[in-house]
Amino acid sequence: MTVAFKLQSSLHSHEQDVRAVGALSNDLIVSAARDKTVRTWKRIGPNQFQPGNVFRGHDHFVNSLATIPPSERHPEGLIVSGGSDKLINVYDPSHPETALFTLVGHSENVSALATTPGGNIVSGSWDKTAIVWKDYQQAYTLKGHTAAVWAVLAIEEDLILTAAADKTIRLWQHGKQVKVFHGHTDAVRGLAVVPGIGFVSCSNDSTLRVWTLDGDCVQELSGHTSFVYSITVLGTGEFASAGEDRTVRIWKDGQCIQTMQQPCISVWTVSALPNDDIVVGGSDCVVRLFTRVPQRMADAETQKQFDDLIAAQSIPSNQVGDINKEKLLGPEALKQPGKKEGQVIMVNVNGTVEAHQWSSQTQTWQKIGDVVGGVGSGNKQLYEGKEYDYVFDIDIGAGPNAMLKLPYNVSENPYTAAQNFIWRNELSQGFLDQIADFITKNAQGVELGQSTGQYQDPYTGGSRYTPAASASPSGPSSQFMDPFTGGSSYRGATAQPVSESVPPAGRQKILPLGTYLSLKQTNLDAVLAKLQSIDSEMGDQKLSDGEMNTLSMALGYLSNPSGSTVDKAGVGILIKLCATLPPAKRFPALDLLRLFVLYTPESVSEAVPDNDIIGFLRNAGGLATPNSDKISTTNAMLAYRGLANLFIKPHGRELIWSKRHTLSEVLQPDVFAAYNGKPARLAISTLAVNFAVFLTTREENDEDCEMGLTGSLVELLKVEKDEENLYRLLVALGTLMNRSEPCREAGSIMGAKVELLRIKSQESGKLRIQHVIDEMLPLVKLE
């Protein structure tokens, strides 16, 4: 039986998707990424590489790569890179300072590169053309494709293959088109030479096809379940392919003989080394090498970490179809052998649906992740009969039919969704980056200390009063420019504009955090108007005119808390409303109460029963009996905000210490699991940050409380998808583990390291998350 590929090494330095990989030798790997860099990696041991040079000649995404073998003139060979800046750079591997040559000729992204047997360059672009460069000068242009060129391949010096989004492959000889290959039903993404036969292609139609140069398709290979982006041919005649289904697959004699799951959504590129090891790059920013040679395989601990990282992946249920959990078999199903390589089955393990994949090499099932339900910012939206997390409105400013729909699921790669949108609506390929950037930012959170989630008044349906407000009044938000009109015409129904900050070059450590976060921005006039409207509907229970006037005067304190005195009678009236208003009408009173808790906790403490602010907020917000309906979620969100604000004043912190175990209870998994909306989770994550800072900065300590919070945070990390909330939870957990050995031990026992590695992989390209995880990983062990 053929030996299976296993992990050799994982190379970490890129900060965004790795889009292309190659090698100048078995000991010198080259990679290119969306972080605008090309990097080399030098072998220092059988399974170890160290970072080499960094080439920064591009000012935008680097999307394509090729190498020119060593020659008398260039004994180390050359590196060729192309990117969204429309340029092609040629580098000496030992001199990263500047490119030897910069080739200018394309008018769009350079999406494909290859070299001829004689060392000349062939490039393909979204401008629908390919160019042959000789002696680093444009020799001739190949025009004929009707959509973006995604792949180029030099068979001989002037015998060139090109493949494109128009679903065709074209053969050119001396600059003239001599044949068109039809067969693929979607964009053709990759090409590779098959000695003795012709070539192999891969496509967004999820297939590989083997062709003769005469135009005959002699083999079609099926197995991938989504786009296939890259294909390479090994010296054994086997193929290796990579795609959007999270896998690299090995093919022999027309059959898939090994499926290697990867810890990223998009596996963008795969390339064979001279020794038939393979190098892989994907959307988790990592370059990985795999080998069949035992001496070059990673050690057992590293392999286990990789396998655990795979097993910890969350697979959205929309990728595996409808699942009836109750009808699934249990772990006993894993005792039966699989029917073919790569077969995936779903197993119900104690109520969790696990996905397992069959390996014909090892004759075992490998867990590849947990199947989770739909995620996103709220209820699914229908578009053309399918459910999506978001359906954005895009105004292209072109008459009565200018408004186009862009559907998106958070499990998708933003570039895939953007590309599909462009193809579906026959738009210019030049808009891809802007659209993908818009999706990325509008489906995520922002920097710690900011929030852009706007929660509409659930009872009026409008935005006249929104209890979800920014966590900080500071920090401008920037409107995203519609790439079609230049205006701010994006109108995603479930997303808001966000602002993005760039970390300083000399980055300081994040952990441990020593400051508290507040949630204070609001529109007092709007809240009072809403409260007056609700009170007018209360009949015999409505406030008297005097009570309403007293309450209104008390709100004047909130407008200027540092320059006025609080009216304690007004605070008492507000406490009365929080306790007596029906839950469906309580939210404006709770919204005001969390502000009084922020500025004058002593006044609130005097007004609530038993001076117990935490217990009062817990009961008034419904946290004692958690429920996931809209009313309960809104009230819970505001109660969590009040609890978070209680940490800001010293008096509030003293109140917390005596009731810290009650506070721990509202952060237990059986409570927070009921509240899945982004505003509620933002309040929960902010409370967690403040509680972690509080527990680790007091002279007294409570290890039980600290370890309980550690456990809750690990559980929250398993389910949180929003970037801002995820970052706050990481900072909270990191602060605890940084300052507490028991928390480090508790985190290790509860599998924190696996969760951190999973998040690091899934949240690739998000620098602040990568940075905080990098600080946390040394604190935990793999249990």
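Predicted model: local features only at pLDDT ≥ 70, side-chain atom pairs only at ≥ 80, totals over all residues.
Is Thr 185 buried or exposed? With a relative accessible area of 56%, Thr 185 is exposed, because exposed residues are those over 50%.

**Thr 185 and its surroundings**

Thr 185 lies in the loop that links strand S17 (176-181) to strand S18 (188-194). Apart from neighbours within four places in sequence, Thr 185 is in contact with Lys 167 and Asp 205. Ala 165 is 20 residues away from Thr 185 along the chain, and the C-alpha atoms of the two are separated by 10.0 Å.

**The chain as a whole**

The protein chain contains 19 helices and 36 strands. Of its 783 residues, 58% are buried. When contacts between residues at least 6 apart in sequence are taken, 55% of them join residues at least 24 apart.

**Backbone features in loops**

Two residues other than glycine, Asp 135 and Arg 246, have a positive phi. Asp 135 sits in the loop between strand S12 (129-134) and strand S13 (137-143). Arg 246 sits in the loop between strand S23 (239-243) and S24. The table sets out their values.

| Residue | Phi | Relative accessible area | Class |
|---|---|---|---|
| Asp 135 | near 55° | 64% | exposed |
| Arg 246 | about 75° | 6% | buried |

Arg 246 counts as buried because its relative accessibility of 6% falls under the 20% limit. Asp 135, at 64%, is classed as exposed because the limit for that class is over 50%.

A further backbone feature is the cis peptide bond between Leu 511 and Pro 512, with omega at about -5°. Pro 512 belongs to the loop between helix H3 (432-442) and H4.

**Arg 249 in strand S24**

Which strand holds Arg 249? Arg 249 is part of strand S24 (residues 247-252). Arg 249 is buried, because its relative accessibility is 7% and the class takes residues under 20%. Its side chain takes part in two kinds of pairing. One is with the backbone oxygen of Gly 223, reached at 3.2 Å. The other is a polar contact of 3.3 Å with the side chain of Asp 245. Gly 223 is also listed among the residues in contact with Arg 249 once neighbours within four places in sequence are set aside; the others are His 224, Phe 239, Ala 240, Ser 241, Cys 256, Gln 258 and Thr 259.

**Helix packing**

Two packed helices are described by the angle between their axes and the distance between the axes.

Helix H4 (residues 524-536) and helix H5 (residues 545-559) have axes that come within 11 Å and cross at roughly 160°. H4 is therefore roughly antiparallel to H5. The crossing of H4 past H5 is right-handed. On the H4 side, Leu 524, Leu 528, Leu 531, Gln 532 and Asp 535 take part; they meet Met 548, Leu 551, Ser 552, Leu 555, Leu 558 and Ser 559 of H5. Sorted by class, this contact comprises seven nonpolar, three polar and one charged residues.

Helix H14 (residues 678-697) packs with helix H15 (residues 703-719) at an angle of about 150°, and their axes are 11 Å apart. H14 is therefore roughly antiparallel to H15. H14 passes H15 in a left-handed crossing. From H14, the residues in the contact are Arg 681, Ile 684, Ala 688, Phe 691, Ala 692 and Leu 695, and from H15 they are Cys 705, Glu 706, Leu 709, Leu 713, Leu 716 and Val 719. Here the classes are ten nonpolar, no polar and two charged residues.

Which residues of helix H11 (residues 650-658) are buried? They are Gly 652, Leu 655, Ile 656 and Trp 657.

Terms used
Residues numbered from 1 in each chain as written. Heavy atoms only, no water. Axes fitted to C-alpha atoms, helices over the stretch in contact; angles between N-to-C directions. Helix = DSSP H or I, 4+ residues; strand = E, 2+ residues; numbered from the N terminus. Parallel < 35°, antiparallel > 145°, perpendicular 65-115°, else oblique. Left-handed = near helix turned anticlockwise from the far one by under 90°. Contact = heavy atoms within 4.5 Å. Nonpolar A, V, L, I, M, F, W, Y, C, P; charged D, E, K, R; others polar. Buried < 20%, exposed > 50% of the residue type's maximum accessible area, 1.4 Å probe, protein only. Polar contact = N/O pair within 3.5 Å; in protein donor to acceptor, adjacent residues only side chain to side chain.
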